[in-house]
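Please open the model in your viewer and keep the sequence panel beside it. The tour below moves from one selection to the next and says what is found at each stop.

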Amino acid sequence: MHTDYVDCVQFVGGLILSKSIANTLALWKPQIYSSRKTTTTNILLQHNNNNNNNKRLRNSAALPLRDFALTHCGVWFVRFQTDRAGRMLAIGNTKGDIKIWEVGTHKNPFATLSNAQCTSTIRMVSFSPDGKSIIATCDDSTVWKWDAY
């Protein structure tokens, strides 16, 4: 599933979205088996970064469902977000663009948001409560807003 550090994770219903610095965002189902009805802690994904071999040690607790190929997101702390319903997914990149997918249907982004003046890394995006706007914060200390028409 991931071959490098994971820096962002979010529940989407009973599924999980996670992003690594290896330009990959994955949708997967956690496989948690417990007969106890108490609070449990489980390692869902783990990989080894010792000696730069980047091999996963354990992946048995996760069922991969789909990957989203990212571009220009191979840096630490580029955060994605879904809308409230978990249907739309947005993430910025180091070029100042935002890519948007429909989580369940589109293999590729169906929209790219950009502005010629926004050229620094977009670190975080957020949907408005009604899902009709997206805001983003960038490395150059700017905050941008895009509206759907």
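Begin by selecting Asp-147 and Lys-145, which form a salt bridge with their closest N and O atoms 3.3 Å apart; the term denotes a side-chain nitrogen of Lys or Arg within 4 Å of a carboxyl oxygen of Asp or Glu. This is a predicted model, in which local features need pLDDT of at least 70 and side-chain atom pairs count only at pLDDT 80 or more, while totals for chains, interfaces and linings use all residues. Residues are numbered from 1 along each chain as its sequence is written, and side-chain values use heavy atoms, with hydrogens and water left out.

Asp-147 counts as partly exposed because its relative accessibility is 35%, whereas Lys-145, at 54%, counts as exposed (buried is under 20% relative accessible area, exposed over 50%, partly exposed in between, with a 1.4 Å probe and protein chains only).

The structure holds four salt bridges. Select Asp-7 and Lys-19 next, whose side chains meet in one of them at 3.2 Å, N to O; both Asp-7 and Lys-19 are buried.

Move on to Asp-139 and Arg-123, where the closest N and O atoms of the salt bridge are 2.7 Å apart. Asp-139 lies in a loop and Arg-123 in a strand, so the pair ties together parts that are 16 residues apart in sequence.

Finally, select Phe-77, which counts as partly exposed because its relative accessibility is 37%.

Methods: Helix = DSSP H or I, 4+ residues; strand = E, 2+ residues; numbered from the N terminus.
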